[in-house]
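Here's a quick tour for anyone meeting this protein chain for the first time. Have a look at it, then read on.

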Amino acid sequence: MIGVDRSEAMIQAAQDRVSAPLVLGDATTLPIATASVDAVVFVSTLEFLLEIDAVLAEATRVLDPEGTLVALVLNTRSEYVRSNLQREGSYFLRMVHRDTEALVDTILEYVEGEQEFFLGISDEQVSESTDPSKAAISAVVGTLPE
Ligand SMILES: C[S@@+](CC[C@H](N)C(=O)[O-])C[C@H]1O[C@@H](n2cnc3c(N)ncnc32)[C@H](O)[C@@H]1O
C-alpha cells in the first residue's frame, strides 16, 4: 500500500497512524509506474478535486489491467452530508462536486463497475446503510474496460 496526498500535514497525520509508505505528491502526476498497482482507492477525495478528469486518467494509468478502482464518495443526498454542508466552518464546504450522481457518472466513464451504498453516519455513529437517500458514503467499484 502506498498513500498519496499533496498536503504535508495530511501525510504527517497519516504517518502517525499507518506504517505504509506515504508519498507527498499530486494525484494528477503519480510517481508510480504504469499498470503497476492492484488497486487504487480514493477515500472521500474525488469530490474535493477540481482536476477530476486528470486524476482519474492518472489512476487508470497506474492500475494493472486486472486491477480494481474503489472510490469512496460522500453522498450529498444524505442527511449527514447535507447537514454538514450547511454547517459554518465545515470541511465539507470545500467540496467542489456536490452532485454525487454526476460525479459517479464521471468515475464510470473511466471504469466499468457500479455504485454501492453501504455506510450510514448519524450522531457520529457509523452503521450499515444501503438506502441511497440515507447512506452517507457510497463506494464506486470498477475495473478497466477490456
Ligand atoms: C477530504 S480529504 C480526504 C482525506 C483522506 N483521504 C482521509 O480519509 O482522511 C481530501 C484530500 O485530498 C487531498 N488532495 C486534494 N487535491 C489533491 C491532489 N491533486 N493530489 C493529491 N491529493 C490531493 C487534500 O490534501 C486532502 O487531504
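## Charges

Let's start with charge: the chain carries 9 positive and 25 negative side chains. Lys and Arg count as positive and Asp and Glu as negative, with His and the chain ends not counted. The centres of the two sets sit 10 Å apart, where the place of a charge is taken as NZ of Lys, CZ of Arg, CG of Asp or CD of Glu.

A word on the ground rules: this is a predicted model, in which local features need pLDDT of at least 70 and side-chain atom pairs count only at pLDDT 80 or more, while totals for chains, interfaces and linings use all residues. Residues are numbered from 1 along each chain as its sequence is written, and side-chain values use heavy atoms, leaving out hydrogens and water.

## Overall build

You'll find four helices and seven strands in the chain, in the order β-α-β-β-α-β-α-α-β-β-β from the N terminus on. Helices (H or I, at least four residues) and strands (E, at least two) are DSSP runs, numbered from the N terminus.

The C-alpha trace spans about 40 × 35 × 25 Å along its principal axes. A compact globule of 146 residues would have a radius of gyration near 15 Å, and the chain agrees because its own value is 15 Å. That radius is taken over C-alpha atoms, and the globule rule is 2.2 Å times the number of residues to the power 0.38.

## Surface and contacts

Buried residues make up 38% of the 146; buried means under 20% relative accessible area, exposed over 50%, and partly exposed in between (1.4 Å probe, protein chains only).

Take the contacts (heavy atoms within 4.5 Å) between residues at least 6 apart in sequence: 63% of them join residues at least 24 apart.

## Two domains

The chain is divided into domain 1 (1–27) and domain 2 (32–143), with bounds from an automatic or database domain assignment. Their centres, taken over C-alpha atoms, are 19 Å apart. Four residues of domain 1 are in contact with four residues of domain 2.

Leaving aside neighbours within four places in sequence, Leu-22 is in contact with Gly-3, Ile-11, Ala-14 and Gln-15. From Leu-22 to Ile-52 is 30 residues in sequence and 21 Å in space, C-alpha to C-alpha.

## Around helices H2 and H4

Ile-52 is also one of the buried residues in helix H2 (residues 52–62), along with Val-55, Leu-56, Glu-58, Ala-59, Thr-60 and Val-62. What do the buried residues of H2 pack against? Their partners are strand E3 (37–43), strand E4 (63–74) and H4.

Helix H4 (residues 100–107) is where Thr-100 sits. Thr-100 counts as buried because its relative accessibility is 6%. Beyond its neighbours within four places in sequence, Thr-100 is in contact with Val-73, Leu-74, Asn-75, Thr-76 and Gln-115.

## A loop residue

Between helix H3 (79–85) and H4 there's a loop that holds Val-96. With 40% relative accessibility, Val-96 counts as partly exposed. Val-96 and Phe-48 are 48 residues apart along the chain, yet 5.3 Å separates their C-alpha atoms. Not counting residues up to four places away in sequence, Val-96 touches Glu-47, Phe-48, Leu-49 and Leu-50.
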